[in-house]
Amino acid sequence: MMSLNDVLIAICLAAIVTYITRLIPFILFGDKKRIPKIILYIEKFIPGMIMVILVMNSLKTISISNIPQSLALIISSICVALLHFYQKNALVSIFTGTILYMFLVQTNILNFINF
Amino acid sequence: MKRHHIEFFKIIIKKTAPIFFGYFAIGFAYGLLVENSGYPTVLAPLMSLFIYAGAAQFMIIGFFTANTGITEILSLVFLINSRHIVYGLSFIKKYSINKWFKPYLIFSLTDETYGLLTGSDIPNEHDNPKFYFYVSLFNHLYWIFGTTIGVIFGHFITFNLKGLDFALTALFIVLLIEQLKNKTSKIPFLIAFVSGLICLIFIGGQNMLLISVVLSISILILFRRILENDES
């Protein structure tokens, strides 16, 4: 565990880094009349692409060497995805999927599956 | 309080109500998680006050307990928040004002605030900086509030929180599906998926985020002709 001192420093730096990400477009384009077309083009699609990559990054621990946890991740993720495809409430999707995952990893129900 | 002040705040509360529920719940889960990690109780609300980025905050608490190096923490915080770089693009004009709270408007531009303020249903008489300020402020306060209640709760009640951090993965999946529902062309999603796969297979683990993003954007630019015709 990181020492409290280091933690506090990390938090300050993380706050600054986060602020910078939100500040960048205003620094780059704040006083310009027109935003270059290629930036407008990228702007449309970046949020979607980054979301794909963030999801993949969250699920990268899925592997054959770790079947119970991988299965729990897969099942819970599918649950979240299906729920959110068919209804609009984000909380329902997140809450249900998380409870399911916590149940699966805490009860070790999937541990009997070993190839 | 003057009558039109009360009316104004009624509208702010009505507009931000959905965010209240979301931020309270996830903030609550976050507070529980931090309280469970053994650090001082005040840490979580502090993070929610100064960092104000749910995904990054969840990620960071995991790094603290795992004793991760500071450079790695900061680069991942930057990456996970990199989508915020494009949010500001939609607000260049709206936020080109000379008010004292302009830095705060920029600071508090989260996914949900972005979604709320770019939505189509802001009545004309309220489409102004003062409105943006109070919406942003209230959302921020909801987040801090949820976190605080979470740590207080976690302080008095201990229960097994194993797997709670899946909430973050779930949040990303939800955000992804909302993006999928909104965009007609699925090609950018495919581009990102393929880039991600390539990086996972050949690079694996830690560096996958940055390189996938760079790779995706490069391929996206190559596809410009096709995609611009698709959208119009």
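How are H1(B) and H3(B) oriented to each other: roughly parallel or roughly perpendicular?

## Helix H1 against helix H3

In this predicted model, the axes of helix H1 (residues 3-36) of chain B and helix H3 (residues 54-66) of chain B cross at roughly 10° and come within 11 Å. Axes are lines fitted to C-alpha atoms, for helices over the stretch in contact, with angles running from 0 to 180 degrees between N-to-C directions. H1(B) and H3(B) are therefore roughly parallel to each other, a term for angles under 35 degrees.

On the H1(B) side, the contact (heavy atoms within 4.5 Å) is made by B:Ile26, B:Tyr30, B:Leu33 and B:Val34, and on the H3(B) side by B:Gln57, B:Phe58 and B:Ile61. These residues divide into six nonpolar, one polar and no charged. Here Ala, Val, Leu, Ile, Met, Phe, Trp, Tyr, Cys and Pro count as nonpolar, Asp, Glu, Lys and Arg as charged, and the others, Gly among them, as polar.

## Architecture of chain B

Chain B has twelve helices and zero strands; helices (H or I, at least four residues) and strands (E, at least two) are DSSP runs, numbered from the N terminus. The C-alpha atoms of chain B fill a box of roughly 60 × 50 × 30 Å along the principal axes.

## Interface of chain B with chain A

Chain B contributes 85 residues to the contact and chain A contributes 64 residues. The area buried between the two chains is about 7000 Å², with 79% given by carbon and sulfur atoms; buried area is the accessible area (1.4 Å probe) that two parts lose on being put together, summed over both. B:Leu89, B:Ile106 and B:Phe166 supply 10% of the area that chain B buries against chain A, more than any other three residues.

Helix H9 (residues 166-182) of chain B provides the largest share of the side of chain B that touches chain A, 14 residues. That side of chain B comprises 57 nonpolar, 20 polar and eight charged residues.

## Salt bridges

Between chain B and chain A there are zero salt bridges, while the count over all chains is two. A salt bridge is a side-chain nitrogen of Lys or Arg within 4 Å of a carboxyl oxygen of Asp or Glu. B:Lys10 forms a salt bridge with B:Glu7, with the closest N and O atoms 3.6 Å apart. Because they are three residues apart in helix H1 of chain B, B:Lys10 and B:Glu7 are separated by about one helical turn.

## Basis of the values

Residues are numbered from 1 along each chain as its sequence is written, and chains are lettered from A and ligands numbered from 1 in the order in which they are written. Local features need pLDDT of at least 70, side-chain atom pairs count only at pLDDT 80 or more, and totals for chains, interfaces and linings use all residues, while side-chain values use heavy atoms, with hydrogens and water left out.

Conventions:
Parallel < 35°, antiparallel > 145°, perpendicular 65-115°, else oblique.
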